[in-house]
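I opened my notebook for a look through the structure. These are my entries, in the order I made them.

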Number of protein chains: 2
Amino acid sequence: MSVKIAVLGHGVVGSGVAELFYKNKKSIEKHSGCEMDIKYILDLRDFPDAPYCDKFTKNFDDILNDDEITVVAECMGGVEPAFTFVKACLDKGKSVATSNKELVAAKGDILLASAREHSCNFFFEASVGGAIPIIRPLHRCLAANDIDRTVGILNGTTNFILTKMFVDNMPFDEALKLAQNLGYAEKDPTADVEGHDACRKICILSSLIFGRHVYPESVYTKGISDIQLCDVSIADTFGHSMKLVASVKRLDDGRILPAVMPTLISRDNIMAEVNDVFNAVMVYADGIDKAMFYGRGAGKLPTASAVLGDVIEAAKHKVTVFSQTWEPSDNNDFVAPIDEYSSKWYFRVLSSTKLDMEGTYENECGISFVSDTEMTFAEARSKASELNALAIYPVIE
Amino acid sequence: MSVKIAVLGHGVVGSGVAELFYKNKKSIEKHSGCEMDIKYILDLRDFPDAPYCDKFTKNFDDILNDDEITVVAECMGGVEPAFTFVKACLDKGKSVATSNKELVAAKGDILLASAREHSCNFFFEASVGGAIPIIRPLHRCLAANDIDRTVGILNGTTNFILTKMFVDNMPFDEALKLAQNLGYAEKDPTADVEGHDACRKICILSSLIFGRHVYPESVYTKGISDIQLCDVSIADTFGHSMKLVASVKRLDDGRILPAVMPTLISRDNIMAEVNDVFNAVMVYADGIDKAMFYGRGAGKLPTASAVLGDVIEAAKHKVTVFSQTWEPSDNNDFVAPIDEYSSKWYFRVLSSTKLDMEGTYENECGISFVSDTEMTFAEARSKASELNALAIYPVIE
């Protein structure tokens, strides 16, 4: 039996999928237990000099109507037309592997339901953490665990910028420009810098872990554009690194609280050492205590590796893998409001503020301290307002 | 359909398997897609006060001859009688999940062949890295990659001892005693301290990655009992941590070179920050560049989590998973001799030795330096002999 694949999109990830597939075709077929080949590559652009140029098509119907195609790799990005194409494939019983976090975060529940209904699979390992195996380990290897919390550094661009600020004392604007020059950041860096990309990824992890779709709109998301160089250097003084953290935890009443916020992480926590464009996810659960998954969160071949891992799985499994799925949620009453987010907090206040406490640190940006005890975000904001604080960030030990 | 499980052994891991299974039974069954229950627990000892005491048996034949038992969790440890029991189960088509690294390293090829022959599965996620998902991510999520190197901190006991030496400046003997008091080290600590445990684990990873059984006897293994406190503190001065590293890489000619050696790891490498009883495995491959898996390498519930992940997988998959397998190897001519191991090296020589070079460091134990260039172990030993060196260790950036 031979499995025929279609790749939607020949951008960075899509071209990586073709490249890595043909480089390792022999061992990929050994893993899948069957012959495999790419039959179509869909792209509206012309690639006259590309290898496999005989496989290109501009017409999605060529793929949809070819019954030989049983597995589709979607690497176009964006919600449309990706959603329409992916849904059409699933509705015809073609399994889909995607790298498209925007699509999964917005429409995962609908696509998973389509896959169930038509006895095929919708896989999305590449949508979170790039090369890092996290989706499959979460729902398979850790299947015996009750997972109650996950902390992730899920955006490589912001982690690169914060690393430059931390290690090289480089101001934010300069670090962003460097990231753009190196191809780590888009011309319009909003999605990365303002935390939207990390938000989509924590929505996907939250949905998978807790079994109901979490929509990006319901997740408090704060990016890194307000962070001052002095906050990063003070974090260092306190023995912490500053990271953009996307996290989710289950509260005692069963609701969950996902959030994206710049966060101080103690250097006793290995997450503090995740630098440059690398990503990591720490999973907390009753059986394992904690486990971390670390690797490249983006890039051509790393993301292609994850897409192909799913393509191989889809080629092997003709029937729906039920454990990797979640239910739709009409309203998000199981997502608690950010006011309830409980943590220790870092405060930076004006130098003229009178503080009657130990453990403060003063530099040109103001006086900083970390609260002794945990308090909710609502309480922290109220204290911040009392103190005329210039900045507050949560602190993780 | 209901899947009936037998657990062989009610020691630390076996009792953890029963405990975690009943704690999370509902979600475990959701993951497996079928009802599951433990029908037998095999142990020669009496546990009159244990929960599930109605399930205990001292007679292995009760399990072997009960056709209702389709999945067996082997948590006895040691090669015999585990090998005889596991082989008998596989020969009857019962899938087995084991935490027993000694068994897998010694007899994995034979047991995998039995599983293939009788269309069942022999799973061993728990045998390497305890709670850390590594076996399944390696052969499934990274299936599109050509993996050419793996570096592991695979023994929690030695990592705890080295962390104590490094962080608290505690001498080896004292750190070992503390590890014993805390239950991290056995009364006879040889298997851990001399590297045999790490050796078994790198054999399993090497066999899985490169497809042929690598036997412990063919792997150069040096433990940590010779390490001086001054080596650890000098490593620190050079910006490195001292770790017991179990590694394997593929040479240009296709042979592989596994080894277990105390190694200096640069603190720019996140592996240097893996402390206490934690384990980690860094995998290098063409698609992903590198990815690290980190977590608790031992312990009751962490190991039980990995065993149960396999039990769930076995309950779902009635047919052999061919990608998680390797071939027997009659001779180990594909394992290169340790003399060919190439690296930069750390040397410590007598203070009276005359060294005409920069970058040396002197303390009460002697003069230390790291070689500028890579050289083979044979070359390093020859240089060490020339210099009357007191210690040499490889260095990883």
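Where is the place of B:Tyr52 in chain B? I found B:Tyr52 in the loop between strand 2 (35-42) and strand 3 (56-57) of chain B. Helices (H or I, at least four residues) and strands (E, at least two) are DSSP runs, numbered from the N terminus.

Ground rules came next. I noted that this is a predicted model, where local features need pLDDT of at least 70, side-chain atom pairs count only at pLDDT 80 or more, and totals for chains, interfaces and linings use all residues. Residues are numbered from 1 along each chain as its sequence is written, chains are lettered from A and ligands numbered from 1 in the order in which they are written, and side-chain values use heavy atoms, with hydrogens and water left out.

**Backbone entries**

Most residues other than glycine have a negative phi, and most peptide bonds are trans. I looked up exceptions. B:Tyr52 is not a glycine, yet its phi is positive, about 55°. A:Asp289, also not a glycine, has a positive phi of about 70°. I placed A:Asp289 in strand 12 (residues 289-296) of chain A. A:Asp289 is partly exposed, at 30% relative accessible area. (Buried is under 20%, exposed over 50%, partly exposed in between, with a 1.4 Å probe and protein chains only.)

Then I checked the prolines. From A:Glu80 to A:Pro81 the peptide bond is cis, with omega near 5°. A:Pro81 sits in the loop between strand 4 (69-74) and helix 4 (82-91) of chain A. In chain B, the bond from B:Glu80 to B:Pro81 is cis, with omega near 5°.

**Strand entry**

I turned to strand 7 (residues 147-153) of chain A, which is mostly covered, with 5 of its 7 residues buried. Strand 7 of chain A runs antiparallel to strand 11 (residues 278-285) of chain A, joined by 6 bridges. (Two strands pair if DSSP finds at least two bridges between them.) Here A:Ile147 stands opposite A:Ala285. Strand 9 (residues 240-250) of chain A is also antiparallel to strand 7 of chain A, with 4 bridges. There I saw A:Val151 opposite A:Ser247.

**Helix entry**

Last, I looked at helix 5 (residues 101-117) and helix 10 (residues 196-210) of chain B, which pack at about 50° with axes 9 Å apart. (Axes are lines fitted to C-alpha atoms, for helices over the stretch in contact, and angles run from 0 to 180 degrees between N-to-C directions. Contact means heavy atoms within 4.5 Å.) That angle makes helix 5 of chain B oblique to helix 10 of chain B. (Under 35 degrees is roughly parallel, over 145 roughly antiparallel, 65 to 115 roughly perpendicular, and the rest oblique.)
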